[in-house]
Amino acid sequence: ALKKDPGFVKDAKMLDRLGRVARKLVPTCERKELNYHFAVINSDELNAFALPGGYIYVTKGLMKAAQSDDELAGVVAHELGHVNRKHSVRQAEKAGIMTAIVALMTVQDDVKKYQKAAAIAAYFANLKFSRTDEYEADRCSVEYTSKAGYDPNGLITFFNRINRDNSLTKVTKYFSTHPPTTDRIKAVQEQIKKIGGKVAQT
């Protein structure tokens, strides 16, 4: 699991890449009232997670594993789906950490806010969403990526490559909380067809 204060990556190239993808995806989201924040956590684990209020965290390991911006966009859009469908709020309430998150929103200092959010996120990263929530966030991923001009198949190619690559499977925590079952991949493919997209050969 992520340590309590894993620290943030300050690598300009990596942050620029995440920022570029995020700037295209955010306008496609339904919840326009949120002020979205994105950060790269200094961990070699493969993971990504979202806190209520629009805080999206991606680990350095996942940034490196996502071979294309389409793949990165697929994962980030999935996390944005959890935020926009308020799955993260339900999870926080269930885990009894909503009070800490509400307190976080009142912190004015951005650096302190990020640090506190990261500490909560480290705990949040290990929470599992329901199967229904995962499928709904996947549908959001297809919708947001497609509207933003990315290939919605990116989420599937990312899933499939990690499923096939033992060296990546060993360090991924993402699939322990977001298992990419065959049914789930099929559901993403059906959603791509539904919006008139072309499903890539896997």
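1. The chain's secondary structure consists of 11 helices and three strands. Reading from the N terminus, the order is α-β-β-β-α-α-α-α-α-α-α-α-α-α. Please keep in mind that this is a predicted model.

2. A word on the chain as a whole. It has 202 residues, and 54% of them are buried.

3. How do α3 and α7 pack against each other? Their axes are 7 Å apart and the angle is about 120 degrees. That angle makes α3 oblique to α7, and the crossing is right-handed. On the α3 side, the contact includes Ala 73, Gly 74, Ala 77 and His 78; on the α7 side, the residues include Asp 133, Glu 134, Ala 137 and Asp 138. Sorted by class, this contact has six nonpolar, seven polar and three charged residues.

4. Helix α7 (residues 131–148) also meets α11. Here the axes come within 9 Å and cross at roughly 35 degrees, and α7 passes α11 in a right-handed crossing. From α7, the contact uses Arg 131, Glu 134, Tyr 135, Asp 138, Arg 139 and Val 142. From α11, the residues are Asp 183, Arg 184, Ala 187, Val 188, Gln 191 and Ile 192. The tally by class is five nonpolar, one polar and six charged residues.

5. If you trace Glu 134 and Asp 138 of α7, you will find both in the contact with α3 and both again in the contact with α11.

6. Next comes the pairing of α8 with α11, which spans residues 182–194. Which way do these two helices run, roughly parallel or roughly antiparallel? Their axes come within 10 Å and cross at roughly 160 degrees. With over 145 degrees counting as roughly antiparallel, α8 and α11 are therefore roughly antiparallel to each other. The crossing of α8 past α11 is left-handed.

7. As for who touches whom, α8 brings Leu 155, Ile 156, Phe 159, Asn 160 and Asn 163, while α11 brings Arg 184, Ile 185, Val 188, Gln 189 and Ile 192. By class, that gives six nonpolar, three polar and one charged residues.

8. Finally, do have a look at Phe 159. This residue sits in helix α8 (residues 154–164). Is Phe 159 buried or exposed? Its relative accessible area is 0%; buried means under 20%, so Phe 159 is buried. Along the sequence, Phe 159 and Glu 71 are 88 residues apart, yet in space their C-alpha atoms are 9.0 Å apart.

Conventions. Residues numbered from 1 in each chain as written. Predicted model: local features only at pLDDT ≥ 70, side-chain atom pairs only at ≥ 80, totals over all residues. Heavy atoms only, no water. Helix = DSSP H or I, 4+ residues; strand = E, 2+ residues; numbered from the N terminus. Buried < 20%, exposed > 50% of the residue type's maximum accessible area, 1.4 Å probe, protein only. Axes fitted to C-alpha atoms, helices over the stretch in contact; angles between N-to-C directions. Parallel < 35°, antiparallel > 145°, perpendicular 65-115°, else oblique. Left-handed = near helix turned anticlockwise from the far one by under 90°. Contact = heavy atoms within 4.5 Å. Nonpolar A, V, L, I, M, F, W, Y, C, P; charged D, E, K, R; others polar.
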